Amino acid sequence: RRAGDFPSRSRGLPSAMTTIGDLPEDVLVELLSLLPARDLLRTCRLVCTQWRYVVDLTTLWKRKCQRDGFYRQSLDRSISDWRIFYMLCHLKRNLIKNPCAEENFQHWTLDDNEGDKWKIEDLPGAHGNDMPDPAVHKYFVTSYGPCFKSQLITLKKEGYWNQLMDEKRPEITVKDWYAARFDCGCRYELTVRLLSQDYIVLEEFHPEPVVIEQWSDAKWREISHTFQNYPEGVRYIWFQHGGQDTQYWAGWYGIRVTNSSITIGPQT
């Protein structure tokens, strides 16, 4: 065919040279929502004014929430910043490492290790009960002297940048499970501290110790606390739990603990 036989742009037909920048906004939102958040913020947002505008759109982050299963219609009025909501949902996981004793004592600091020292046992254990969560198979158990272990969580290493913690102050939820043996009394303690860059305590959860008498039901119980509206400057979370038996029997008759968790962000 001769050159003159091809349709020209003047007749209103699209050119074969259409670029991604010519796409309608809703199509661009759909395409960009497929990309990881890190690429959107660190690369795509810097491409041009139009892309920066699209990456900042609420509709794009809401679409990402839909794609990843974070979205519920009931949330529409309560979410002020869908980008931050997405980031928090995406980051959310248990920040306590080795919570169920599957890796021996890895990641734990043994602050007090008295009596016959900390030990790991398989559920349900002697004179014990299974956990409500069938995925948990082991627990840590204390002895007749004080046994306490801890973890220090560095928020920046876990992806929670300083500005996010200071401006948004996302909820920090702490949970722990504890149980006694049926045939021995014991004592359980938990301390969780929100620390500054200089390890100053900004907020603390330290409930009264739980004393369980001999011949209890030996059931596993959960303790839970959510930090809200805490001071700015939180850079670390320090978690410590433990206890001992109250009858000073040689062996491992003290409090049992497992399935500890610290999560940050919305309750989805």
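Biologist: With which residue does R193 form a salt bridge?

Modeller: This is a predicted model, in which local features need pLDDT of at least 70, side-chain atom pairs count only at pLDDT 80 or more, and totals for chains, interfaces and linings use all residues. A salt bridge is a side-chain nitrogen of Lys or Arg within 4 Å of a carboxyl oxygen of Asp or Glu. With its closest N and O atoms 2.5 Å apart, the pair joins R193 to E204.

Biologist: How many residues apart in sequence are the parts that R193 and E204 tie together?

Modeller: Helices (H or I, at least four residues) and strands (E, at least two) are DSSP runs, numbered from the N terminus. R193 belongs to strand 6 (residues 186-195) and E204 to strand 7 (residues 201-205), so the separation of the parts tied together is 11 residues.

Biologist: What is the relative accessible area of E204?

Modeller: A residue is buried under 20% relative accessible area, exposed over 50% and partly exposed in between (1.4 Å probe, protein chains only). R193 is partly exposed at 29%. E204 is also partly exposed, and its value is 39%.

Biologist: Which residues do salt bridges that share partners join into one network?

Modeller: The rule for salt bridges gives a count of 16. Where such bridges share partners, they link into one network E30, R63 and R67.

Biologist: How many residues apart in sequence are the parts that R93 and E158 tie together?

Modeller: The side chains of R93 and E158 form a salt bridge, 2.6 Å from N to O. R93 is in the loop between helix 5 (82-91) and strand 1 (109-113), and E158 is in the loop between strand 4 (147-154) and helix 6 (162-167), so the distance in sequence is 65 residues.

Biologist: Which is the relative accessibility of E158, the partner of R93?

Modeller: R93 is partly exposed, with a relative accessible area of 33%. E158 counts as buried, at 15%.

Biologist: How far apart are the centres of domain 1 and domain 2?

Modeller: The protein chain is assigned domain 1 (25-90) and domain 2 (109-265), the bounds coming from an automatic or database domain assignment. Contact (heavy atoms within 4.5 Å) takes four residues from domain 1 and seven residues from domain 2. Taken over C-alpha atoms, the centres are separated by 36 Å.

Biologist: In domain 1, which residues lose the most area to domain 2?

Modeller: Buried area is the accessible area (1.4 Å probe) that two parts lose on being put together, summed over both. The two domains bury about 410 Å² between them, with 82% of it on carbon and sulfur atoms. On the side of domain 1, 90% of what is buried comes together from I84, M87 and L88.

Biologist: Which residue forms a salt bridge with K168?

Modeller: Side chains of opposite charge can pair when their charged atoms come close. The count between domain 1 and domain 2 is one salt bridge. For K168, the closest N and O atoms are 3.7 Å apart, and the partner is D81.

Biologist: Why is helix 5 largely enclosed, and which residues of helix 5 are buried?

Modeller: Helix 5 is largely enclosed by the rest of the structure because eight of its 10 residues are buried. The cover over these buried residues includes helix 2 (37-42), helix 4 (58-68), helix 6 and strand 11 (256-264). The buried residues are W82, I84, F85, Y86, M87, L88, C89 and L91.

Biologist: Which residues is S261 in contact with, leaving aside its neighbours within four places in sequence?

Modeller: S261 is found in strand 11. S261 is buried, its relative accessible area being 14%. With those neighbours left aside, its contacts are N94, I96, T173, V174 and K175.

Biologist: What is the relative accessibility of C186?

Modeller: C186 lies in strand 6. Not counting residues up to four places away in sequence, C186 touches residues including V210, V211, I212, Y253 and I255. C186 counts as buried, with a relative accessibility of 0%.

Methods: Residues are numbered from 1 along each chain as its sequence is written. Side-chain values use heavy atoms; hydrogens and water are left out.
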